[in-house]
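Here is a short report on one protein model. Look over the sequence and the fold before reading on.

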Amino acid sequence: MPILFFFKGLAISLIFGIPAGAVGALTIRRSLPNGFFAGFCTGLGSSVADIIYASAGIFGMSFVSGFILRYEKIITLCGGAFLFVMAAFILNITRQNSQETQENGNANLFVNFYSAFLVALTNPATFLSFISAFAIFRIGAVETPFGGVLLLAGILCGSLAWWTALSAICSAFKPRITRRIFIVLNYMLAGILILLGIIAVVRGVRGI
């Protein structure tokens with residue numbers, strides 16, 4: 001039944017897509033001071049990148065998948081460098097003691113989306129994780145385009161459901177975030193981004 005592709009996509013997204021990495025850290029960091037939409041747009045950027053990688057795996061887009069695998073080291077190094085840039089930006093805001101406001105966060109929704117999109121897109125491991133997920137769920141060649149669309153729809157719905165829940169939970173704590181907590185949170189999340197950036201650079205250099 002074609003509808004099974006949708007539920008398989010939903011399961012893949014929820015099992016493999018729940019983030020504990022850079023985009024998850026950025027979503028939490030932006031949702032707490034700036035509210036729901038700042039975090040959701042951050043997650044949306046990651047979801048779009050996931051759909052691009054999933055499409056390459058589902059429809060056998062040889063050019064895209066070949067490019068990813070051929071330049072995996074360079075893409076990974078660029079991703080690590082971008083994480084360092086994001087961490088430096090957060091630390092700079094903290095040093096200037098300038099807490100972002102709700103209005104400022106909502107005024108930069110596109111920036112939130114685009115930065116998370118780049119972080120996710122420059123992580124070739126995402127493509128490999130989808131390939132592994134398809135194998136685990138025994139998803140071979142999709143016989144019809146409709147089946148592929150249903151699979152992508154399931155992945156997208158699961159991903160958006162997670163980002164919606166995470167952003168809503170974090171934004172609910174916004175009234176309790178004091179300036180001191182915000183500064184501590186910035187340092188913690190900047191540290192996470194730096195650590196993930198180092199891991200990305202090491203992987204890129206070693207070709208892991």
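How many helices and strands are there in the protein? The protein has 10 helices and zero strands. The model is a predicted one. Read from the N terminus, the order of elements is α-α-α-α-α-α-α-α-α-α.

**Overall figures**

The protein has 208 residues, and 41% of them count as buried. Its accessible surface comes to about 10,700 Å². Carbon and sulfur atoms account for 72% of that surface. Among contacts with a separation of 6 or more, 91% join residues 24 or more positions apart.

**Aromatic pairs**

Two numbers describe a pair of aromatic rings: the distance of the centres and the angle of the planes. The whole structure holds six aromatic pairs. Two of them are set out here.

| Pair | Centre to centre | Angle between planes | Class |
|---|---|---|---|
| Phe6 and Phe7 | 5.5 Å | 80° | edge-to-face |
| Phe36 and Phe40 | 5.6 Å | 15° | stacked |

Why is the pair of Phe6 and Phe7 edge-to-face? Their planes stand at 80°, and an angle over 60 degrees counts as edge-to-face. Phe7 is partly exposed, at 48% relative accessibility.

Phe36 and Phe40 make a stacked pair, with 15° between the planes. Both sit in helix α3 (residues 36-58). They are four residues apart, about one turn of the helix. Phe40 has 19% and is buried. The cut-off explains the two labels, because buried means under 20% relative accessible area.

Ring pairs also link a cluster. Its members are Phe110, Phe113, Tyr114 and Phe117.

Which residues make the nonpolar surface patch? They are Phe84, Ile194, Ile198 and Val202, and the patch covers about 280 Å². Helix α10 (residues 179-206) gives the most to the patch, with three residues. Phe84 belongs to helix α5 (residues 72-95). Its relative accessible area is 31%, so Phe84 counts as partly exposed. That value also passes the patch rule, because patches take residues with over 30% relative accessible area.

**Cysteines**

The disulfide count is zero. Cys78 is partly exposed, with a relative accessible area of 43%. Cys157 is partly exposed too, at 37% relative accessibility.

**Two sites in detail**

Ser31 lies in helix α2 (residues 22-34). Is Ser31 buried or exposed? Ser31 has a relative accessible area of 0%, so it is buried. Setting aside neighbours within four places in sequence, Ser31 is in contact with Gly39, Ser167, Cys170 and Ser171.

Where is Asn123 found? Asn123 is in the loop between α7 (109-121) and α8 (125-136). With a relative accessible area of 34%, Asn123 is partly exposed. Beyond its neighbours within four places in sequence, Asn123 is in contact with Tyr53 and Ile75. Asn123 and Glu72 are 51 residues apart in sequence. In space, C-alpha to C-alpha, Asn123 and Glu72 are 8.5 Å apart.

Definitions and conventions. Residues are numbered from 1 along each chain as its sequence is written. This is a predicted model: local features need pLDDT of at least 70, side-chain atom pairs count only at pLDDT 80 or more; totals for chains, interfaces and linings use all residues. Side-chain values use heavy atoms; hydrogens and water are left out. Patches are made of residues with over 30% relative accessible area and no salt bridge: like charges are joined within 9 Å, nonpolar side chains (Val, Leu, Ile, Met, Phe, Trp, Tyr) within 5 Å. Accessible areas come from the Shrake-Rupley method with a 1.4 Å probe; for residues, only the protein chains shown count as cover. A salt bridge is a side-chain nitrogen of Lys or Arg within 4 Å of a carboxyl oxygen of Asp or Glu. Helices (H or I, at least four residues) and strands (E, at least two) are DSSP runs, numbered from the N terminus. Buried means under 20% relative accessible area, exposed over 50%, partly exposed in between (1.4 Å probe, protein chains only). A disulfide is a pair of cysteine sulfur atoms within 2.5 Å. Contact means heavy atoms within 4.5 Å. Rings of Phe, Tyr and Trp (its six-membered ring) pair if their centres lie within 6.5 Å; planes under 30 degrees apart count as stacked, over 60 as edge-to-face and the rest as tilted.
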